[in-house]
Amino acid sequence: IVVNIPGETPYDVRIGDTVLEGLGASLKKLPAVASAPHLLVLTDTNVGPLYVEEAKASLRAAGFRVSDIVVPAGEDAKSLAVAGEVWNAMAGLGLTRDCAVVALGGGVVGDLAGFVASTYMRGISFVQVPTTLLAMVDSSVGGKTGVNLDAGKNLVGTFKQPAYVAACTATLATLDEREWACGCAEIAKASVIDSDEFFFWMLDHAEALAARQPETVSEAIARSVVFKANVVAEDKTESRGVRECLNYGHTLGHAVEALAGYGTFSHGAAVAEGMRFAARLGVRVAGTSEELVAAQDDLLDALGLPALAWSAPADQMLAAMKRDKKTRAGEVRFVVPRDIGDWELVAVPDDVILEQLRQWEA
Ligand code: NAD
Ligand code: ZN
């Protein structure tokens with residue numbers, strides 16, 4: 001799949017079960033990276049022991065000089081402190097402007113690696129090797145990078161497109177159920193926003209995707225990447241409103257994550273809950289049909305993303321949504337599906353949200 005964003009060098013997203021093996025050979029064909037004197041593989045403490053040797057062996061076999069750096073697994077690695085350690089390590093290795101960074105891991109490693117690559121010496125090339133389903137279908141494509149501050153997630157970052165994305169489905173074999181469901185939620189989100197074609201394909205293939213049937217997994221990744229690439233191509237820097245659709249399910253989802261305590265529910269479980277809520281809100285404010293609500297419930301159930309047996313008081317939920325950085329002053333804005341493949345960003349008055357939240361609570 002070629003991602004072609006106006007004003008950027010087009011890049012390839014390769015999906016397959018031998019993509020990691022072929023990484024070195026692929027990078028040798030890439031003008032931005034082929035003659036890099038030194039590559040830095042950035043990975044985390046979970047992914048490193050599993051896949052860094054295979055990655056390095058492939059790169060070395062292609063003639064690259066390779067070093068690696070391992071950061072602690074988990075969201076905390078997306079910090080200025082860790083970015084600082086990586087910058088210093090890069091300088092210590094003597095990396096120059098023609099060197100490149102290879103991000104081997106999930107969205108945390110990808111966001112951190114993209115951020116350090118885009119800032120080190122005012123920007124060097126980087127390659128994404130996503131190893132979670134979420135990173136393959138969402139975070140590795142689109143060019144958003146960043147780190148968290150105490151004041152909030154992703155508050156510092158850049159737009160930096162990768163030179164290549166190598167989604168090796170073989171690495172998904174070691175991913176646990178919780179992380180799998182996170183990827184499934186983002187795929188479900190994409191399908192509702194994208195089209196009848198994608199959504200009904202998902203309804204037909206949800207069990208197979210939950211069971212990790214290889215052809216279904218590859219096709220779901222490919223469909224999601226095409227969706228994300230199209231959205232990003234229309235709105236590279238999130239300035240034209242088009243990219244807002246990627247936030248479907250995330251308004252309530254982020255509030256659930258925050259109020260339940262981060263880590264209580266997976267991001268995917270929270271987003272799925274947010275999609276259920278937003279569709280029901282759509283019935284109220286955007287003419288969304290009950291059939292859509294029911295079909296989406298069926299899809300999420302089949303993907304192993306059941307409705308949460310948890311709620312918080314409506315006023316606390318509303319306050320949490322108002323604290324979200326995506327909420328501008330005043331009314332909370334929700335992405336709601338008017339229909340499958342047809343979404344709208346709606347500023348919803350507080351009293352309507354509260355009424356819907358009370359129903360959700362009950
Ligand atoms: P993650 O990177 O923390 O990975 C989840 C867990 O799985 C980690 O413990 C990791 O070590 C482990 N892991 C990764 N690959 C593995 C494998 N193959 N086998 C076994 N374990 C493996 O989380 P994530 O869900 O991949 O990404 C979440 C991050 O992505 C968040 O920080 C979020 O902000 C970011 N994100 C960014 C974008 C974007 O556009 N840049 C989009 C969505 C999410
Ligand atoms: Zn998400």
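Two strands count as paired if DSSP finds at least two bridges between them. Helices (H or I, at least four residues) and strands (E, at least two) are themselves DSSP runs, numbered from the N terminus. With that in hand, let's walk through the structure above.

This is a predicted model, in which local features need pLDDT of at least 70 and side-chain atom pairs count only at pLDDT 80 or more, while totals for chains, interfaces and linings use all residues. Residues are numbered from 1 along each chain as its sequence is written, and chains are lettered from A and ligands numbered from 1 in the order in which they are written.

## Strands and hairpins

Strand 7 (residues 147-149) meets our opening definition: 2 bridges pair it with strand 8 in the antiparallel sense. Leu-149 lies opposite Gly-152 of strand 8, and 2 residues link the two strands in a hairpin.

A second hairpin is made by strand 10 and strand 11, again with 2 residues between them. In its turn, Gly-341 has a positive phi of about 80°. Here 7 bridges hold strand 10 (residues 332-339) against strand 11 (residues 342-348), and the two run antiparallel. Phe-334 faces Val-346 across this pair.

In what order do its strands lie? The 7 strands follow the order 1-2-9-6-5-3-4, forming an open sheet with mixed pairing. At the edges are strand 1 (2-3) and strand 4 (66-71), each of which pairs on one side only. Strand 1 runs antiparallel to strand 2 (residues 11-16), joined by 2 bridges, and Val-2 has Asp-12 of strand 2 as its bridge partner.

Helix 2 packs on the sheet, where it touches strand 3 (39-44), strand 4, strand 5 (100-105) and strand 6 (125-130). Its direction makes about 165° with that of strand 3. Contact here means that the C-beta atoms of two residues, placed from the backbone, lie within 7 Å.

Strand 2 also pairs with strand 9 (residues 164-168), this time parallel and over 5 bridges. As background, strands of a sheet pair through backbone hydrogen bonds, either parallel or antiparallel.

## Helices side by side

Axes are lines fitted to C-alpha atoms, for helices over the stretch in contact, and angles run from 0 to 180 degrees between N-to-C directions.

| Helix pair | Angle | Axis distance |
|---|---|---|
| Helix 9 (residues 250-260) and helix 12 (residues 314-323) | about 110° | 9 Å |
| Helix 6 (residues 177-194) and helix 10 (residues 267-285) | about 30° | 7 Å |
| Helix 10 and helix 11 (residues 290-302) | roughly 170° | within 9 Å |

To put words to these angles, under 35 degrees counts as roughly parallel, over 145 as roughly antiparallel, 65 to 115 as roughly perpendicular and the rest as oblique. Helix 9 is therefore roughly perpendicular to helix 12. Among the residues that meet there are Leu-252 and Ala-255 in helix 9, and Met-317 and Ala-320 in helix 12. This contact has 7 nonpolar, 2 polar and no charged residues. In this sorting, Ala, Val, Leu, Ile, Met, Phe, Trp, Tyr, Cys and Pro are nonpolar, Asp, Glu, Lys and Arg are charged, and the others, Gly among them, are polar.

Helix 6 and helix 10 are roughly parallel to each other. Their contact includes Ala-181, Ala-185 and Lys-189 from helix 6, with Gly-268 and Met-275 from helix 10. By class, 10 of the residues are nonpolar, 2 polar and 1 charged.

Helix 10 is also roughly antiparallel to helix 11. Arg-276 and Arg-280 of helix 10 are among the residues in this contact, as are Glu-290 and Asp-297 of helix 11. The classes here are 7 nonpolar, 1 polar and 4 charged.

## Around the ligand
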